[in-house]
Amino acid sequence: MNLQHENILTFILAGGKGNRLYPLTRHRSKPAVHFAARFRIIDFVLSSCINSGIRQVFVLTQTKSFSLEQHLRRSWNFLAAQLDEFIAAVPAQQRISEKWYQGTADAIFQNLHLIQDRHPEHIIILSGDHIYSMDYNELFRYHIESESDLTVSVMPIKKADASQFGVLTMDDDHRITSFIEKPEDPALIPGEGDECFINMGIYLFRTNSMVRILAKDAREATSHDFGMNIIPGMLEKYKVSGFDFKKSRFGHYWRDVGTIRNYFDANMEFLEQLGTNLICTPDWPIGSIGLRLPPTYMGGINKVTIENSTVDIGSKLVSCKIKNSLIGRYVHVGEGSIIENSIIMSRASIGENCIVRNAIFDDGVQIPSNTQIGVDADADKDRFFMSDGIAILPKQFQL
Amino acid sequence: MSEKKMILVIDDDKNIRELLSLEFEDLGYSVRTAGSGFDGIQILKDKAVDLVILDIKMPGMDGIEALEKIMSIHKELPVVIHSAYSHYKENYLTWSAMAYVVKSGNLEELKNTVQNLLNKS
């Protein structure tokens, strides 16, 4: 059983505004936000699709979609159209409603014609907002063996963190028995202490069951949302199962980078994951834009020190010190500068003798020599957009 | 006396429109008719309608496109697809309709379906 040979269609919901990631989302939707100064957030789910053998993917875009669509064209256009393989961006077309998508379920309902055109037996619906790796073949096998109408990928997390997610309970056969979106008092997993199962926004549907319930939901006054309406509405009449992500191959890591703090921490965690090779392995590559830039140069009169960091191609590091940081492509760091605990995205230019700590530089930021960031909190507040102690310098920012 | 409920019949076959008008008026409903999807949508925008009986195979805007437009104007409005063809049942784009009745000489199934839906609404 391999997804490459199954009659399956995949949708990635990629219309997330990411308001809490502002100003990184000032010019782009959340899935198009850079991650680890190398990737875009959506690269993770797309990589899992390709690595799992999925070859027919619609990416549903909505607001500020240009950056994402450009990234898909530049980085994810390698599939063979002659073999009916594709990763295609689908903008909100207002075919049925003259409004934007009203919810995640509405996004699929408004694109039913894409399902009608292909008549897949199963549909995978994924979020373009999350950082993880997953072999969807494991999910598919479970879905088929359990004869479910819907299989939801779930994972256990601490109760204190569960209220911002959909929380569910399951019986001994992993059939979902209750599902509440963002509950005040999340239900615990029996016998597992302080942990709750949450919905990861990864759905595998039997197509007929999905269309039936989406068509019904579309006629009703609901939020048209998978978590709020569709899953709870299916529990009685349909077989809805939970797939325990934690027991799967890459089950140790999944992050929803909803806020700047989450985003920053996930980047730093990713640094640790790279060090241990748990999320990116030679047989599970994470794809992204492949530019023909020269290797990174490191030199100067004094030595370059790099500790627990990554540096992408085409950069130039001159007698500087980099620690616990992610450096993107075509970044220039001048002599004597120190960069610590920071994310520096592509085409940044950092002058000589700068100190940069606890900062996020979006694309193309330029700071002159002797600039200090993350040294004097009061001075930072006057000059930069601050969030939770992190200075964020937006795209093309020049000091 | 309560106002009669209004049924909109959208069908390009004039004989069907006339037949359904007579039959449903006999049952106590008001009936308006349209010979195309475009005309039907225009009526729906201008007039209060309680239920739509919708043909699928029509020139210009067919019933499937008309159903999408109806959903955009009044998503909770009951629509009964009334087609000579049963294979459109397999088309996911028809599943938003509340019912699907294949045309036949006997109108009982259509009448029962319409009455049930209007009694619920």
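**Close-up views of a predicted two-chain model**

**View 1. Contact between the two domains of chain A.** In this predicted model, 13 residues of domain 1 of chain A are in contact with 17 residues of domain 2 of chain A. On the domain 1 side of this contact, helix 9 of chain A (residues 260–276) gives the most, with seven residues. By class, that side of domain 1 of chain A has nine nonpolar, two polar and two charged residues. The division of chain A places residues 3–276 in domain 1 and residues 297–393 in domain 2. Between the C-alpha centres of domain 1 and domain 2 of chain A the separation is 34 Å.

**View 2. A:Phe270 in helix 9 of chain A.** A:Phe270 has its place in helix 9 of chain A. The residue counts as buried because 25 C-beta neighbours lie inside 10 Å, where 20 or more are required for that class. A:Phe270 and A:Leu9 are separated by 261 residues in sequence. In space, the C-alpha atoms of A:Phe270 and A:Leu9 are 29 Å apart.

**View 3. Helix 1 of chain A and the residue that follows.** Among the buried residues of helix 1 of chain A are A:Ile42, A:Phe44, A:Val45, A:Leu46, A:Cys49 and A:Ile50. The buried residues of this helix also include A:Asp43, A:Ser47, A:Ser48 and A:Ser52. Just after helix 1 of chain A, A:Gly53 takes a positive phi of about 95°.

**View 4. The five-stranded sheet of chain A.** Five strands of chain A form an open sheet in the order 15-18-21-24-27, with parallel pairing. Strand 15 (305–307) and strand 27 (372–373) of chain A stand at the edges; each has a single partner strand, so one side of each is left without a neighbour in the sheet. Strand 21 (residues 338–340) and strand 24 (residues 355–357) of chain A run parallel and are joined by three bridges. For A:Ile339, the bridge partner in strand 24 of chain A is A:Val356.

**View 5. Contact between chain A and chain B.** The contact takes 13 residues from chain A and 10 residues from chain B. On the chain A side, the elements that give two or more residues are helix 4 (112–118) and helix 7 (207–218) of chain A. By class, the side of chain A that touches chain B has six nonpolar, three polar and four charged residues. The model scores ipTM 0.87 and pTM 0.92. For chain B the mean pLDDT is 94, and 98% of its residues reach 70 or more.

View 6. B:Asp12 is found in the loop between strand 1 (6–10) and helix 1 (14–26) of chain B. With 18 other C-beta atoms within 10 Å, B:Asp12 is partly exposed, because that class lies between the limits of 12 or fewer for exposed residues and 20 or more for buried ones. When its neighbours within four places in sequence are left aside, B:Asp12 is in contact with B:Gly35, B:Ser36, B:Asp55, B:Met58 and B:Pro59. B:Asp12 and B:Met71 are 59 residues apart in sequence, and their C-alpha atoms are 20 Å apart in space.

Definitions and conventions
Residues are numbered from 1 along each chain as its sequence is written. Chains are lettered from A and ligands numbered from 1 in the order in which they are written. This is a predicted model: local features need pLDDT of at least 70, side-chain atom pairs count only at pLDDT 80 or more; totals for chains, interfaces and linings use all residues. Domain bounds come from an automatic or database domain assignment. Two residues are in contact if their C-beta atoms, placed from the backbone, lie within 7 Å. Helices (H or I, at least four residues) and strands (E, at least two) are DSSP runs, numbered from the N terminus. Ala, Val, Leu, Ile, Met, Phe, Trp, Tyr, Cys and Pro count as nonpolar, Asp, Glu, Lys and Arg as charged, and the others, Gly among them, as polar. pLDDT is the predictor's confidence in each residue, from 0 to 100. Two strands pair if DSSP finds at least two bridges between them.
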